[in-house]
Amino acid sequence: MNALEVHDLTVSYGDIRAVKGISFTVKQGEIFTLIGANGAGKTSTLRALSGMLKYGGRVVYEGTEIDAIAADKRVGLGLAHVPEGRGIFGNLTVMENLKLGAWLRKDKSGVAEDLERGLTAFPRLRERKDQAAGTLSGGEQQMLAVARALMSRPKTLLLDEPSMGLAPKLVQDIYRVVREINAQGVTIVLVEQNANLALKIAHSAAVLETGSISLIGTGAELLSDPRVQAAYLGA
Ligand code: ATP
């Protein structure tokens, strides 16, 4: 079964058409990346998938059309979103932020287990678990955003520019974690401006240009495509 099937997706802001009817499929268990320049419509696409904004077209998640399903219910179905800018609560502690990621879950022991697993996967977060999240570094906040999303036990994780604003070493760390999460069976939809990084770990990929998909293929195919190299890889 496919994790996601996106049919003719459109997003508009008033008269501005940010996403102009795109279609793509994300297979279960894969890393799919959507690359593109500033303003191409990547964030708008992810926000549509998670139900955070109104859109046209159809989104099928694990075989079920979810267009009429609200954002919080989509999280309950296993579709979690790590937003651009991370969306963590700065006044709350690391631990409180993590617990918020599990707010829909009723299985207390499972939540406690996942909390422990998250703190083990991110030792930095364990060291700072009682610290206000707003005092974390950018990289630590990004880790927290990912760890918090994992607290909903997602089957598919929507990740918006996890490398943004991070030092190269931290970017490597985040990408290692993304790979590990995927190796545990979580499907990843990754939106990135850093095409080089994203294409290297992606099984399949698409290029978004001013709201339309211009190229689609495997990560390796796009990485070696001269058009991608010229436009996005600085070749
Ligand atoms: P970036 O990498 O810069 O975040 P992006 O590819 O994620 O870019 P979007 O944020 O989806 O692109 O934006 C796509 C287009 O929609 C842009 O032209 C942007 O200016 C416009 N847009 C986004 N959000 C709004 C909004 N709330 N109101 C009006 N226009 C918007």
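**Helix H7 and the cores**

Modeller: What covers the buried residues of H7 includes strand S3 (31-35), helix H6 (138-150), strand S7 (156-160), strand S8 (187-192) and helix H8 (195-201). This is a predicted model, where local features need pLDDT of at least 70 and side-chain atom pairs count only at pLDDT 80 or more, while totals for chains, interfaces and linings use all residues. Residues are numbered from 1 along each chain as its sequence is written, and side-chain values use heavy atoms, without hydrogens and water.

Colleague: Which residues of H7 are buried?

Modeller: Buried means under 20% relative accessible area, with exposed over 50% and partly exposed in between (1.4 Å probe, protein chains only). In H7 the buried residues are Val171, Asp173, Ile174, Tyr175, Val177, Val178, Ile181 and Asn182.

Colleague: How many residues does H7 have?

Modeller: Helices are DSSP runs of H or I, at least four residues, and strands are runs of E, at least two, numbered from the N terminus. H7 (residues 168-183) has 16 residues. Just after H7, glycine 185 takes a positive phi of about 105°.

Colleague: Why does threonine 45 count as buried?

Modeller: Threonine 45 counts as buried because its relative accessibility is 1%. Threonine 45 lies in helix H1 (residues 42-49). Contact means heavy atoms within 4.5 Å. Beyond neighbours within four places in sequence, threonine 45 is in contact with Leu9, Val19, Ile22, Phe24, Leu34 and Leu208.

Colleague: Which residues touch the most other members of the largest nonpolar core?

Modeller: A nonpolar core is a set of buried Ala, Val, Leu, Ile, Met, Phe, Trp, Tyr and Cys residues joined through side-chain atoms within 4.5 Å. In the largest, of 47 residues, they are Leu125, Leu157 and Ile188. Apart from it lies another core of 26 residues, including Val11 and Tyr61.

Methods. The expected span of a helix is 1.5 Å times one less than its number of residues.
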